[in-house]
Amino acid sequence: MRSLVGKIGCAVLLSLCWVNSYGQQDSQSSQYMFLPVLYNPGAVGSDDLAHVFGDARLHQQGLEGEGRTTSAGFNFPFNISKLKNGFGILVSDDKFAFSKNLTVKGNYAIQLKL
């Protein structure tokens, strides 16, 4: 019984370590104040307007391994039975040195009054 518990514990520990291991860095953005959904998915649908947005950033130009970050997406608010909701899609393409990373994120938020 003791060895079975140890094996299960070891399997759980290894699976948790594997899930939280990332080899890529987060994309960099210098104008993130204009793209709150880039870092905060709860900002989707926070106002009463639909948004279509894009952002591009070139960094370390002229050096070996220069990078480029491009983000584009949309979000819009909607109501379901007097609850304010928001949905959005964000596509981000990041190239830095030898790494390339394409990310597609779907965001959903519900606004509740506390």
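In the predicted model, arginine 68 has a relative accessibility of 32% and therefore counts as partly exposed. The side chain of arginine 68 meets that of aspartate 93 in a salt bridge, with a distance of 3.0 Å from N to O. This pair links distant parts of the chain, since arginine 68 belongs to strand β2 and aspartate 93 to strand β3, 25 residues apart. Aspartate 93, at 27% relative accessibility, is likewise classed as partly exposed.

Side chains of opposite charge can pair when their charged atoms come close. The count of salt bridges in the model comes to two. Besides the pair described above, aspartate 48 forms a salt bridge with lysine 84, and the closest N and O atoms of this pair are 3.4 Å apart. Aspartate 48 is placed in the loop between α1 (2-19) and β1 (51-59), whereas lysine 84 is part of strand β3, so the contact ties together parts separated by 36 residues in sequence. Aspartate 48 has a relative accessibility of 65% and counts as exposed, while lysine 84, at 24%, counts as partly exposed.

The surface also carries a nonpolar patch formed by Val52, Phe74, Phe76, Leu83, Phe87, Tyr108, Ile110, Leu112 and Leu114, which together have about 960 Å² of accessible area. At least two residues of this patch come from each of the strands β2 (67-80), β3 (83-96) and β4 (99-111). Leucine 83, one of the patch residues, lies in strand β3. Its relative accessibility is 34%, so leucine 83 counts as partly exposed.

Conventions:
Residues numbered from 1 in each chain as written. Predicted model: local features only at pLDDT ≥ 70, side-chain atom pairs only at ≥ 80, totals over all residues. Heavy atoms only, no water. Patch = residues over 30% accessible without salt bridge, like charges linked within 9 Å, V, L, I, M, F, W, Y side chains within 5 Å. Areas by Shrake-Rupley, 256 points an atom, 1.4 Å probe, with all protein chains shown as cover. Salt bridge = Lys/Arg side-chain N within 4 Å of Asp/Glu carboxyl O. Helix = DSSP H or I, 4+ residues; strand = E, 2+ residues; numbered from the N terminus. Buried < 20%, exposed > 50% of the residue type's maximum accessible area, 1.4 Å probe, protein only.
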